[in-house]
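Biologist: I have a model open and want to learn how to read it. Can we go feature by feature?

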Amino acid sequence: MTTHLSPQESVTALDDVLPESRQAHLKSCASCQTEVDGLRAMMVDLGDAEDVPEPSPLFWDHFQSRVQAAVQGEMVRPARVSWWSIVASVRGAVAAVAAVAAAATVAAVTIAVALYPGAPVAPVAPMEDAQVAVADDAMALETAEWAFVSGMLDSFEPNDVREVLAPSTLAVDNAFASLTSGEREVFAKLLSADLAQGME
Amino acid sequence: MDAEPVAQAVAAPATALDLAAAEDRVLVAAFLAGSQDAFQVIVTRHQRAVYQVCYRFVRNHEDASDLAQDVFLRAFKGLKNFKGDSALSTWLYRVGVNCCLNRIAARRPDTEPLLESRHVDPRSDDPFRALARSEKATEVKRAIAQLPPRQRATLLLRVYQELSHEEIAGILGGSVGAAKANFFHALSNLKRLLQS
Ligand SMILES: [Zn+2]
């Protein structure tokens with residue numbers, strides 16, 4: 001006679017994924033069968049007891065507004081925070097979608113934006129990353145993009161940019177690094193739309 | 001040509017539809033980059049599931065909606081810590097369970113809100129059986145409310161959110177074996193509570 005099922009094994013038995021040797025024990029042991037049957041019956045009772053009343057459709061609109069209001073209360077200078085993070089990220093995203101940059105470059109570019117906000121940088125910053133081979137077409141795009149970014153940067157004080165970007169660049173880069181190339185494409189598209197909206 | 005997708009991406013701005021269709025991980029990245037709209041989509045997409053988790057803990061609408069709001073506020077502040085190694089929903093559940101466990105810990109048991117009164121479905125063809133089932137359901141819910149918090153959390157996530165033991169271990173901390181043991185004890189305790 002093998003040992004009775006442990007609590008973990010009884011739970012595994014509920015999911016029907018017990019190893020064969022333990023399954024054999026269960027088949028031949030009335031005590032373990034009673035235990036597992038009892039658990040299974042409890043699961044059925046739990047299923048019957050399930051009811052979360054669906055709130056009214058109006059509730060969800062109201063809920064979103066509440067969350068929005070709570071979130072706004074947490075934000076410091078919301079417009080500017082969004083703005084600079086987006087500018088920095090679009091640049092990183094676009095570079096990566098073009099397959100000219102690994103995640104490391106995104107970090108490098110973002111940090112470059114944070115550290116040298118007012119500088120007339122042009123495409124020098126990304127080129128400093130020696131690992132990156134920049135294709136001609138992508139390079140042209142980057143140059144145009146960069147001119148746009150540095151133009152935006154000129155209109156803010158350096159300290160503002162640094163203060164705003166510093167806490168979140170790493171998080172953005174990390175999140176971005178985990179995306180597939182398809183997801184990066186979507187990401188770039190979303191942010192370019194957001195950017196366009198911000199300029200209106 | 002390598003640059004073509006970029007040109008397309010930049011030339012054709014995303015619509016609200018694109019945003020609504022984007023993967024959670026893309027939304028998180030967009031949110032961290034400053035997109036408020038992306039956060040809005042995250043809320044819209046997950047609000048019902050988060051609310052349901054909270055409701056199952058507190059069993060009343062007012063507290064559940066307060067807790068759900070708190071979950072999204074915490075998510076707003078904490079999404080930068082989301083690693084992307086689990087589903088966003090699982091991460092939100094973790095935040096939600098923490099909020100609920102904190103709420104339970106802050107409240108003495110005798111101040112727990114009463115369970116909602118039982119509801120009999122009038123469409124049922126057999127009112128007597130419906131009443132019996134409804135009484136049983138009320139007893140079960142009352143028994144769940146008496147479980148120790150971690151057992152209760154394990155049970156709710158496993159049975160109603162249908163999370164795997166691995167996901168539950170990730171949410172509550174500890175090993176998969178411990179999560180299974182917790183589930184076993186939750187079911188056993190329920191059985192005992194319902195028999196007494
Ligand atoms: Zn046995």
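This is a predicted model: local features need pLDDT of at least 70, side-chain atom pairs count only at pLDDT 80 or more; totals for chains, interfaces and linings use all residues.

Biologist: Which residues of helix 1 of chain A are buried?

Modeller: Helix 1 spans residues 7-14, and its buried residues are A:Ser10, A:Val11, A:Thr12, A:Ala13 and A:Leu14. Look just past the helix as well. There A:Asp16 adopts a positive phi of about 60°.

Biologist: How many helices and strands does chain A have?

Modeller: Chain A has 11 helices and zero strands. Burial comes next. Of its 200 residues, 46% count as buried. Then check contact range. Taking contacts between residues at least 6 apart in sequence, 69% link residues at least 24 apart. The surface of chain A exposes about 9800 Å², with 59% supplied by carbon and sulfur atoms.

Biologist: Now the metal. Which protein donors does the zinc ion have?

Modeller: Read a metal site by donors, then angles, then spacing. The donors here are A:His4 (ND1), A:His25 (NE2), A:Cys29 (SG) and A:Cys32 (SG), at 2.0 to 2.3 Å from the zinc ion. Angles among the four donor atoms run from 101 to 121°, and the site is tetrahedral. Along the sequence, the donor residues follow the spacing H-x20-H-x3-C-x2-C.

Biologist: Are A:Cys29 and A:Cys32 buried or exposed?

Modeller: Both A:Cys29 and A:Cys32 are buried.

Biologist: On to the interface. How many residues of each chain are in contact?

Modeller: Count residues, then area. In chain B, 66 residues are in contact with 65 residues of chain A. The two chains bury about 5800 Å² between them, 67% of it on carbon and sulfur atoms. On the chain B side, B:Arg25, B:Ala33 and B:Phe184 lose the most area to chain A, together 10% of what that side buries.

Biologist: What about charged pairs? How many salt bridges cross the interface of chain B and chain A?

Modeller: The general idea is that side chains of opposite charge can pair when their charged atoms come close. The rule finds eight salt bridges across this interface. Over all chains, the structure holds 13. One of the pairs is A:Glu50 with B:Arg56, whose closest N and O atoms are 2.3 Å apart. This pair crosses between chains: A:Glu50 sits in the loop between helix 3 and helix 4 (57-74) of chain A, and B:Arg56 in helix 4 (residues 36-58) of chain B.

Biologist: Why does B:Arg56 count as buried, and why does A:Glu50 count as partly exposed?

Modeller: B:Arg56 counts as buried because its relative accessibility is 6%, and buried means under 20%. A:Glu50 has 32%, so it counts as partly exposed.

Note on methods: Residues are numbered from 1 along each chain as its sequence is written. Chains are lettered from A and ligands numbered from 1 in the order in which they are written. Side-chain values use heavy atoms; hydrogens and water are left out. Donors are N, O and S atoms within 2.8 Å of the metal (3.2 Å for Na, K and Ca); water is not among the atoms, so sites may look incomplete. Four donors count as tetrahedral if all angles lie between 85 and 135 degrees; four count as square planar and six as octahedral if opposite donors are over 155 degrees apart and all others between 65 and 115; anything else is irregular. Buried means under 20% relative accessible area, exposed over 50%, partly exposed in between (1.4 Å probe, protein chains only). Helices (H or I, at least four residues) and strands (E, at least two) are DSSP runs, numbered from the N terminus. Contact means heavy atoms within 4.5 Å. Accessible areas come from the Shrake-Rupley method with a 1.4 Å probe; for residues, only the protein chains shown count as cover. Buried area is the accessible area (1.4 Å probe) that two parts lose on being put together, summed over both. A salt bridge is a side-chain nitrogen of Lys or Arg within 4 Å of a carboxyl oxygen of Asp or Glu.
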